[in-house]
Amino acid sequence: MDLTFSTSELAFRDEFRAWLEANPAGQSPEGEDAAYAFRTQWQRRLYEGGWAAVHWPRQFGGRDATLVEAAIFYEELARVRAPIPANVLGILLGGPTLMLWGTEEQKDRYLIPILSAEEIWCQGFSEPDAGSDLAALKTKAVKDGDDWIVTGQKVWTSGAQYSKWCMLVARTDQDAAKHKGLTYFLLDMEQEEVQVRPLRQITGESEFNELFIEGARIPDENVIGGVGNGWKVALTTLMNERAGLAFGLQVALKIGLDKLTEQASARGLMDDPAVADKLGELHLKCEILRLTAYRGLSTTMKYGQPGPEGSLTKWMWSETNQQLAQAAVDILGPEALLSDSPWAYGLLRSRGNTIEGGTTEVLKNIVAERVLGLPRMR
Ligand SMILES: Cc1cc2nc3c(=O)[nH]c(=O)nc-3n(C[C@H](O)[C@H](O)[C@H](O)COP(=O)(O)OP(=O)(O)OC[C@H]3O[C@@H](n4cnc5c(N)ncnc54)[C@H](O)[C@@H]3O)c2cc1C
């Protein structure tokens, strides 16, 4: 693809840069709940300025931006180190899934509250015995009049403690083949039958939770994409998850690398060939990631939806992000491990990068089979 921005793309970038300059995000406060409230406020400001999700249709609060403009938008957000909007799963996963599979009524009802951060969304896919093998999930939904009654357990549900809606995949046909008996629902989290229990991570935070669902009700109108069609709808969510973050994440990675290079330079460490080599290698990886993210964009432009190539950028980003945090510790020494150092947090948080949104092993299988066309492993 042509990587030179057109005059209108440059004008788009300049307009957003000017807005960001006039509307700085500010510093996130300490504490998980306060930081989350700060991210909610930030998303509201983006929404009010018409910048919450530029590639969404105007009628739902977006700007009808092209995919290249959307890529520029994420790069600019990362460049100013803006916080991740609170409803990131709604914006990147839920909205696009609803736009493809939802009815007109569902789009009218749910899309704007996602963008305005009025209603936060979480993703209830993984279960104790169904992660990579999502189709093995056991949470059950049984028809009862115009409702469905749901029973089961979900795990690793990020942001569930703040969410109004959960993108829930449940088994609605016990007799059908594994991938065929699933249905995609929107579960209202505000009911007693849904219990959210936080899980503490290595960072000390509780980003994710266990969900215990004991007879929760979901009305028929909250089925997304038709009964028994849950697998296909879930794949749309997963493809958007893997491709969606590529632009912002690769810029954030590059900013981190520049920071480490500055710190190494200030300590006179750049004359050490091992340090220069490591930073050079990471620089190359960042560039490859940036160019691969743009290549994935070409596929999305051609087919209208992200393809399996997003698995490649997710895999490359997660491994490079871990390598960057480890390099910081190797180069800066124990200082990088002090509790108030962002590198210490980065080192601990990045361990999950190769698991969340699809493990590296699973992504490698997808790239091998669906991008490179190699034989299936089984
Ligand atoms: C920070 C974080 C946030 C998350 N947020 C959410 C969320 O909001 N919602 C949600 O639903 N889930 C979420 N998850 C869960 C995540 O999607 C799963 O952890 C992931 O899909 C892996 O599933 P699992 O943990 O059951 O591991 P398993 O699937 O049991 O995998 C265990 C190991 O076996 C390997 N493996 C499994 N199958 C294969 C295969 N076919 N070939 C080769 N190797 C294989 C895996 O790579 C892994 O190393 C989150 C996870 C993390 C770490």
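The crossing of helices H1 and H3 is right-handed, meaning that the near helix is turned clockwise from the far one, whereas in a left-handed crossing the near helix is turned anticlockwise by less than a right angle. The contact involves Glu 9, Phe 12, Arg 13, Phe 16, Arg 17 and Leu 20 of H1 together with Val 68, Glu 69, Ile 72, Phe 73 and Glu 76 of H3; two residues count as in contact if their C-beta atoms, placed from the backbone, lie within 7 Å. By class, these residues comprise 6 nonpolar, no polar and 5 charged (Ala, Val, Leu, Ile, Met, Phe, Trp, Tyr, Cys and Pro are nonpolar, Asp, Glu, Lys and Arg are charged, and the others, Gly among them, are polar).

The model described here is predicted; local features need pLDDT of at least 70, side-chain atom pairs count only at pLDDT 80 or more, and totals for chains, interfaces and linings use all residues. Residues are numbered from 1 along each chain as its sequence is written. Helices (H or I, at least four residues) and strands (E, at least two) are DSSP runs, numbered from the N terminus.

A pair of packed helices is described by the angle between their axes and the distance between the axes. H1 (residues 7-22) and H3 (residues 67-79) pack at about 30°, with axes 10 Å apart; axes are lines fitted to C-alpha atoms, for helices over the stretch in contact, and angles run from 0 to 180 degrees between N-to-C directions. H1 and H3 are therefore roughly parallel (under 35 degrees; over 145 is roughly antiparallel, 65 to 115 roughly perpendicular and the rest oblique).

H3 also packs against helix H7 (residues 246-266), at an angle of about 35° and with the axes 8 Å apart. This crossing, too, is right-handed. On the H3 side, Ala 71, Tyr 74, Glu 75, Leu 77, Ala 78 and Arg 79 meet Phe 247, Gly 248, Val 251, Ala 252 and Ile 255 of H7. The contact of H3 with H7 has 8 nonpolar, 1 polar and 2 charged residues.

Helices H4 (residues 88-101) and H5 (residues 104-115) cross at roughly 165°, their axes coming within 10 Å. That makes H4 roughly antiparallel to H5. The contact includes Gly 90, Gly 94 and Gly 95 of H4, and Tyr 110 and Leu 111 of H5.

Domains 2 and 3 both give residues to the shell around the ligand, so the ligand lies between them. Of the 19 residues around the ligand, Phe 125, Gly 131, Ser 132, Thr 359 and Glu 361 come nearest (a residue is near if its C-beta atom, placed from the backbone, lies within 6 Å). Strand E1 (121-124) and helix H11 (360-371) are the elements that give two or more residues to this shell. The shell divides into 6 nonpolar, 11 polar and 2 charged residues.

Conventions: Domains from an automatic or database assignment.
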